[in-house]
Amino acid sequence: PSLSDPRAYFDAATRRFFVTETEIDANPTTGADANTAHVFIAVSQTNDPTGAWNIFTLDVSSDGDSRFGSCPCFADQPLIGADQNGFYISSNAFSIATRRFRGAQIYAISKNLLEPTSGGSITATRFHDLNQAEGPGFSVQPATVPPGGSFETAANGTEYFVSSLDFTRTLDDRVAVWALSNTASLDTIPALTLRNVIVDTE
């Protein structure tokens, strides 16, 4: 398989390390890319990263936006963050066959789901068809809280994200700030709301 884009995060609240890596399966005979792709999520069983880990698999093969074309897709450049309730992955979906953009994706996963005694295949609450100002969302960075910081508890838990609006690579003074609210619902029946505002940084 093709593996790339590792990311690591230490969650001070749970005293666990979270590591992600994007993956595209390979044809075992030819070595060519297969039509399935995943994000691997590893969670340390303790606060010691040299100890045991639980490994989870998130299938992202069908996750794209139809307005940009069809999948199978892979999750390019997964970006990670967390709040008190959830672990969040944002990626840019690309076609496996053509490497063309298929839209930004945001995945929300309960931290409690990622801290059992074993790993395995999991599902996530996914947001797609993301829009910001006059164009599509891309490279949406989830927030992290440093040790000693505090999570946002308003609106029953809120995770923030930020992304640029430089659609034409001609420089832009604005950013999009996203808020994913009601993250405490990830532990029961997810009922999340995602919205963004445009901030002029000039």
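**Entry 1: the cysteines**

Is cysteine 73 buried or exposed? I looked it up: cysteine 73 is buried, because its relative accessible area is 0%. Buried means under 20% relative accessible area, exposed means over 50%, and partly exposed lies in between (1.4 Å probe, protein chains only).

Before going on, I noted that this is a predicted model, where local features need pLDDT of at least 70 and side-chain atom pairs count only at pLDDT 80 or more, while totals for chains, interfaces and linings use all residues. Residues are numbered from 1 along each chain as its sequence is written, and side-chain values use heavy atoms, with hydrogens and water left out.

Back to the cysteine. I found that cysteine 73 forms a disulfide with cysteine 71, with the sulfur atoms 2.0 Å apart. The cut-off for a disulfide is a pair of cysteine sulfur atoms within 2.5 Å. A disulfide is a covalent bond between the sulfur atoms of two cysteines. I searched the whole structure and got one disulfide. The angle about the S-S bond is -90°, and the link of cysteine 71 and cysteine 73 is left-handed. Cysteine 71 counts as partly exposed, because its relative accessibility is 27%.

**Entry 2: strand S6**

Next I picked strand S6, residues 86–95. Strands here are DSSP runs (E, at least two residues), numbered from the N terminus, and helices are runs of H or I with at least four. How many of the ten residues of S6 are buried? I got ten of ten.

In a regular strand the side chains alternate between the two faces of the sheet.

Then I looked at the partners of S6. Two strands pair if DSSP finds at least two bridges between them. Strand S5 (residues 73–82) runs antiparallel to S6, with eight bridges, and a hairpin of three residues joins the two. S6 is also antiparallel to strand S7 (residues 101–110), again with eight bridges. Phenylalanine 87 shows up in both pairings: its bridge partner is alanine 82 on one side and isoleucine 109 in S7 on the other. The hairpin of S6 and S7 has five residues between the strands, and there arginine 99 takes a positive phi near 60°.

**Entry 3: two open sheets**

I wrote down the order of the sheet that holds S6: it is open, has four strands in the order S5-S6-S7-S9, and its pairing is antiparallel. S5 and strand S9 (125–127) stand at the edges with a single partner strand each, so one side of each has no neighbour in the sheet.

Another open sheet has five strands in the order S1-S2-S3-S4-S8, with mixed pairing. Which strands stand at its edges? They are strand S1 (2–11) and strand S8 (120–122), each with a single partner strand, so one side of each is left without a neighbour in the sheet. I found a parallel pair here: strand S4 (residues 53–59) and S8 share three bridges, and phenylalanine 56 has glycine 120 as its bridge partner in S8.

**Entry 4: the cores**

A nonpolar core is a set of buried Ala, Val, Leu, Ile, Met, Phe, Trp, Tyr and Cys residues joined through side-chain atoms within 4.5 Å. The largest one has 22 residues, and Ile41, Val60, Phe87, Ile89 and Leu114 have the most contacts inside it. Strand S2 (16–26), strand S3 (33–44), S4, S5, S6 and S7 each give two or more residues to this core. I also noted a second, separate core of 14 residues, which includes Ala104, Phe127, Ala176 and Leu180.

Contact means heavy atoms within 4.5 Å. Leaving aside neighbours within four places in sequence, the residues in contact with isoleucine 41 include Val19, Phe56, Phe87, Ile89 and Leu114.

**Entry 5: asparagine 85**

My last stop was asparagine 85, in the loop between S5 and S6. It counts as buried, because its relative accessibility is 14%. What does the side chain of asparagine 85 make a polar contact with? I found the side chain of threonine 183, at 2.8 Å. A polar contact is a pair of N or O atoms within 3.5 Å; within protein, one must be able to donate a hydrogen and the other to accept it, and residues adjacent in sequence count only if both atoms are side-chain atoms.
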